[in-house]
Amino acid sequence: QGRVTLLKERKDKIATNQGFDDGVTVIGNTKIDALVGNPAFGNSARFDGSGDYLQVPDSDDWGFGTEDFTIDFRMKFDANINTGFVGQSADGASTGNNQWYFSHNSADHMAYFYWKDGGVTNAYYGINWSPSADTWYHLALVRNGSNLYFFVNGVAQNVISIIPIGTRSLGNIAAPLRVGSAPDTSAPSMSGGLDEFRISKGIARWTSNFTPSTQEYTQDEYT
């Protein structure tokens, strides 16, 4: 059976095909659904684009510091919209001084990674990307030292470095983690599906082109 997992340092998972685990707040009509076309895993988290997301309690696991990290997942849009995939905001507004997000903006056909804490923007990157609706993709965001990589279906993208990460520390944002939405009011929640969502702290899982797994993820020392 398919599952939707968020694997973190304490080996918690946010969802299985039976429902969402304790400790995860389901916002709106988010549910587990067998979405058509999911290439490998069957069931997925389903968001209807109207206030849906998953909320996970704040954790030091989301403060990456200067460590390598990887955020990866499978996703599809029901409609190609401006949306956030994951992030945190301690201020609750797009102008806040303490927030981070990984998102897609359909207006300028780009995906972004942005991190600001204590009023200082420590990382800001983008890639040109125009996904199609009703198409499954594997996305991966990877920090390896002073480098940041974006992969779409295992293929490294040309990265636009607006504010390079360098050796900066990505500090802990004191706020819940949102999955399937921007962490503030800057973008609507996602309309579509997410599956095999994973945050890995302490490892750059890929730094060159790769073939995304066709198997459900298993836990390791980084998840």
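User: Start with a surface call. Is Asp 134 buried or exposed?

Analyst: One caution before that: this is a predicted model. Read burial from relative accessible area, with over 50% as the cut-off for exposed. Asp 134 has 56% relative accessibility, so Asp 134 counts as exposed. Asp 134 lies in the loop between strand E11 (120-128) and strand E12 (137-144). Its phi is near 60°, a positive value in a residue other than glycine.

User: Which other residue has a positive phi although it is not a glycine?

Analyst: Asn 153, with a phi of about 55°. Asn 153 also belongs to a loop, the one between strand E13 (147-152) and strand E14 (155-156). Its relative accessible area is 37%, so Asn 153 is partly exposed.

User: Now salt bridges. How many does a search of the whole structure find?

Analyst: Four. For each pair, check the N to O distance, then where the partners sit. Take Asp 78 and Arg 46: their closest N and O atoms are 3.3 Å apart. Arg 46 lies in strand E5 (residues 43-48) and Asp 78 in the loop between E7 and strand E8 (83-89), so this pair ties together parts 32 residues apart in sequence. Asp 78 is partly exposed at 25% relative accessibility. Arg 46 is partly exposed too, with a relative accessible area of 25%.

User: What else does Asp 78 form a salt bridge with?

Analyst: Lys 76, where the closest N and O atoms are 2.6 Å apart. Lys 76 counts as buried, at 5% relative accessibility. Next, look for shared partners. Here they join Arg 46, Lys 76, Asp 78 and Asp 134 into one network.

User: What does Asp 72 form a salt bridge with?

Analyst: Arg 198, with the closest N and O atoms 3.0 Å apart. Asp 72 lies in strand E7 and Arg 198 in strand E17, so the pair ties together parts that are 126 residues apart in sequence. Both partners are inside: Asp 72 is buried with a relative accessible area of 0%, and Arg 198 is buried with 5%.

User: Where is Asp 195 placed?

Analyst: In strand E17 (residues 191-201). Asp 195 has 0% relative accessibility, so Asp 195 counts as buried. Compare sequence distance with spatial distance here. Asp 195 and Met 75 are 120 residues apart in sequence, while their C-alpha atoms are 6.3 Å apart in space.

User: How do I read the core?

Analyst: Ask which members touch the most others. The largest nonpolar core has 39 residues, and the members touching the most others are Ile 71, Phe 73, Met 75, Phe 85, Val 86, Phe 113 and Trp 129. Strand E7 (residues 69-77) supplies the largest share, five residues. Another core, of seven residues, lies apart; Ala 140, Ala 204, Trp 206 and Tyr 217 are among its members.

User: What does Trp 129 touch, not counting residues up to four places away in sequence?

Analyst: Its contacts include Met 75, Phe 85, His 104, His 109 and Met 110. Tyr 137, Leu 139 and Val 152 are also among them.

User: And aromatic pairs?

Analyst: Trp 100 lies in strand E9 (residues 99-105) and Trp 115 in strand E10 (residues 110-117), so the pair ties together parts that are 15 residues apart in sequence. Trp 100 is buried at 0% relative accessibility, and Trp 115 is buried at 0%. Phe 113 and Trp 115 have ring centres 6.2 Å apart and planes at 55°, so that pair is tilted. Phe 73, Phe 77, Phe 85, Phe 102, Phe 150 and Phe 197 form one aromatic cluster.

User: Last, how do I read a sheet?

Analyst: Strands of a sheet pair through backbone hydrogen bonds, parallel or antiparallel.

User: How many bridges join strand E6 to strand E16?

Analyst: Three, between antiparallel strands E6 (residues 53-56) and E16 (residues 177-179). Leu 54 has Val 179 as its bridge partner in E16.

How values were computed:
Residues numbered from 1 in each chain as written. Predicted model: local features only at pLDDT ≥ 70, side-chain atom pairs only at ≥ 80, totals over all residues. Heavy atoms only, no water. Core = buried A, V, L, I, M, F, W, Y, C linked by side-chain atoms within 4.5 Å. Buried < 20%, exposed > 50% of the residue type's maximum accessible area, 1.4 Å probe, protein only. Helix = DSSP H or I, 4+ residues; strand = E, 2+ residues; numbered from the N terminus. Contact = heavy atoms within 4.5 Å. Pairing = 2+ DSSP bridges. Salt bridge = Lys/Arg side-chain N within 4 Å of Asp/Glu carboxyl O. Phe/Tyr/Trp six-rings, centres within 6.5 Å; stacked < 30°, edge-to-face > 60°.
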